[in-house]
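Colleague: I'm new to this one. Could you pick a single part of it and take me through that part up close, with a bit of context to begin with?

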Amino acid sequence: MTGNGFHGQQLAIDLSTGAASDLKISTDVLRNFSGGRGFGIKLLWEMSPKGTDPLAPENPLILATGPYTGAGVFSAFFNVTTKSPLTGLAAASHCGGFWGPAFKGTGYDCITVTGASDKPVYLLVEDGKATIKDASHLWGKGVFETEKRIRDVEGNVEIVSIGQAGESMVKYAAMMNSHRAAGRSGVGAVMGSKKLKAIAVKGKSSVEYADPDKVKEISRNGGKQAMEAGKVFGQYGSSMAFNFFNESHTLPTRNFQAGYFEQAGKIDGEALKEKYFVKDRGCAKCPLKCGNIHTIKNGPYQLEEIEGPEYETLMSFGSNCSNSDIESILMANYLCNDFGLDTISCGDTFALLMDLFESGIIKEADLDGYPMNWGEHESIMALIPKIAHRQGVGDLLAEGSYRAAATWGEKALTRVIHAKKQEYPGYESRRSFGTGFSLVTSNRGACHLRAGLYVNELFLGEFNESGFESNMQTLLDKEHLLCLYDAFLSCKFGGRNAGHTVPVLTELMNALTGFDYTEKELSRVGERIWNLERLYNLREGVEEDLPPVRFYQEALDDGHPDGEAISLERFTAARAQYYQARGWDVNGIPGADKLAQLSL
């Protein structure tokens with residue numbers, strides 16, 4: 001199919017039988033779900049029976065691009081959807097780098113992988129043809145060696161792969177395209193459960209757009225605006241935000257006991273730039289190039305090259321562990337990328353261990369003899385490989401912070417900071433109620449990229465005068481907008497700096513697809529995706545939408561004002577308001593009128 005930014009083709013792989021087939025994607029699906037995360041949840045709903053074990057062969061692994069993938073600035077992304085082994089809910093994890101546009105060049109919009117091989121394999125997809133190849137020689141290798149060895153055989157291909165963490169089915173294992181990660185919710189564990197080491201792609205297929213000149217114009221204007229608005233972001237990457245959150249006292253510190261880290265200046269973006277910076281690196285078609293390359297020339301953590309760390313990694317392995325050794329954070333980031341681990345869940349798990357160790361709930365004997373005092377980065381370095389290989393206590397820590405704490409008793413469990421069993425990103429909810437609320441309503445468990453409400457609340461101060469509850473529609477609008485970003489597929493950071501609001505996206509989507517969306521119709525695509533994810537989660541037994549217990553029982557301890565515990569009454573009242581605004585009942589179940597409105 002031509003003229004709408006799609007190939008209209010799905011590649012279906014069954015690793016149990018070795019079968020590969022091409023399936024047509026209907027125009028109705030293209031229009032109503034827009035690609036990426038939209039395709040993902042539509043296919044997951046249809047292909048995954050209720051109660052499917054996330055690590056069973058029946059759980060589909062779905063990788064999808066959108067009509068914008070490879071079309072203009074900030075268009076490098078693809079989306080991965082599956083049932084999460086960490087949360088038991090819908091996982092939708094996006095990734096930049098170069099794999100997305102390369103996969104689009106194979107002649108497909110998405111690939112679904114079901115079944116499981118009886119031996120390690122990798123998949124080569126080239127110009128409409130898929131070949132399953134032996135990967136026994138790659139099993140046990142890290143991401144970077146895996147990519148090199150595949151390129152030695154296959155030539156100039158783009159690769160998404162798993163490291164040893166995915167092979168070991170660590171519940172927060174990532175899928176990696178070099179240093180770029182589809183990081184959250186354990187999508188790499190699902191890939192590992194299928195004995196699928198990598199998917200290598202190359203091809204020369206192209207798509208046509210309804211109005212290619214208009215696509216170029218919007219892309220060019222967005223790139224120009226982003227280079228002006230996002231100049232600092234391009235210079236430092238997301239590490240630029242570290243000091244902002246610290247000075248606003250919303251930087252998670254010591255397992256969310258505080259919102260301010262006294263030694264932040266030792267591990268911020270300026271420290272990285274001054275001592276370790278080598279060069280900029282960007283994803284495909286990105287003018288901002290936020291992926292700074294760093295090196296450590298000598299010392300115990302010597303590194304030739306590492307991309308990042310991002311803000312979230314500086315938080316999780318840094319302030320949240322009370323760790324001011326920046327070189328250890330760089331090394332932790334490298335190890336997580338090579339093993340294929342989500343740095344947020346991994347770092348936050350260590351922050352929990354330090355909290356429990358300092359309070360006497362666990363001891364060295366519980367941790368294979370390693371001490372875990374605040375800032376004990378040597379123990380972190382020793383235990384990351386154990387997690388990736390599920391060795392010793394690493395086998396327990398590979399289950400995630402919630403399940404690990406549950407084995408140490410109720411007191412330990414109350415120290416876990418999670419939503420739907422997924423560890424929190426770097427935003428202290430007791431000083432940013434709206435942002436914290438959005439982390440709880442997120443369909444994939446705690447996630448800052450489901451609504452990005454920290455931009456409205458903390459960067460722009462939109463709720464300072466009227467309060468979050470008076471701006472509930474802002475949350476819904478942002479949740480729908482970022483569904484669209486994940487469906488038509490754009491970088492959220494780049495798109496925000498490019499001014500890709502709903503009116504601009506409507507113009508862009510119509511230029512790509514020719515579907516003649518109104519702004520209301522396009523927003524409804526995002527709302528449809530959000531509601532279908534909610535329906536899936538309800539079917540799979542999603543827990544009640546509540547913040548971590550500590551947030552409504554424990555005030556912040558950092559000497560700064562306004563760190564009181566959240567009022568649970570306020571939260572439940574806001575939740576009722578949110579459900580009502582969504583057209584859901586008091587239990588958060590979408591009503592018949594809403595489902596009819598969304599053609600679900």
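Modeller: Of the contacts in the chain with a separation of 6 or more, 69% are between residues 24 or more positions apart. Keep in mind that this is a predicted model. The chain has 600 residues, and its radius of gyration of 22 Å agrees with the value near 25 Å that a compact globule of that length would have. Along its principal axes, the C-alpha trace spans about 60 × 55 × 50 Å. There are 25 helices and 17 strands in the chain, and 64% of its residues count as buried.

Now for the part I'd pick: strand β4, which covers residues 78–83. Six of its six residues are buried. Follow the side chains and you'll see Phe78, Val80 and Thr82 pointing one way, while Asn79, Thr81 and Lys83 point the other way. Both sets are buried, Lys83 included.

What does β4 pair with? One partner is strand β3 (residues 61–64), which runs antiparallel to β4 and is joined to it by three bridges. There, isoleucine 62 has threonine 81 of β4 as its bridge partner. Another partner is strand β5 (residues 90–95), again antiparallel, with six bridges to β4. β4 and β5 make a hairpin with six residues between them. Look in the turn for glycine 88, whose phi is positive, at about 75°.

Definitions and conventions
Residues are numbered from 1 along each chain as its sequence is written. This is a predicted model: local features need pLDDT of at least 70, side-chain atom pairs count only at pLDDT 80 or more; totals for chains, interfaces and linings use all residues. Side-chain values use heavy atoms; hydrogens and water are left out. Helices (H or I, at least four residues) and strands (E, at least two) are DSSP runs, numbered from the N terminus. The radius of gyration is taken over C-alpha atoms; the globule rule is 2.2 Å times the number of residues to the power 0.38. Buried means under 20% relative accessible area, exposed over 50%, partly exposed in between (1.4 Å probe, protein chains only). Contact means heavy atoms within 4.5 Å. Two strands pair if DSSP finds at least two bridges between them.
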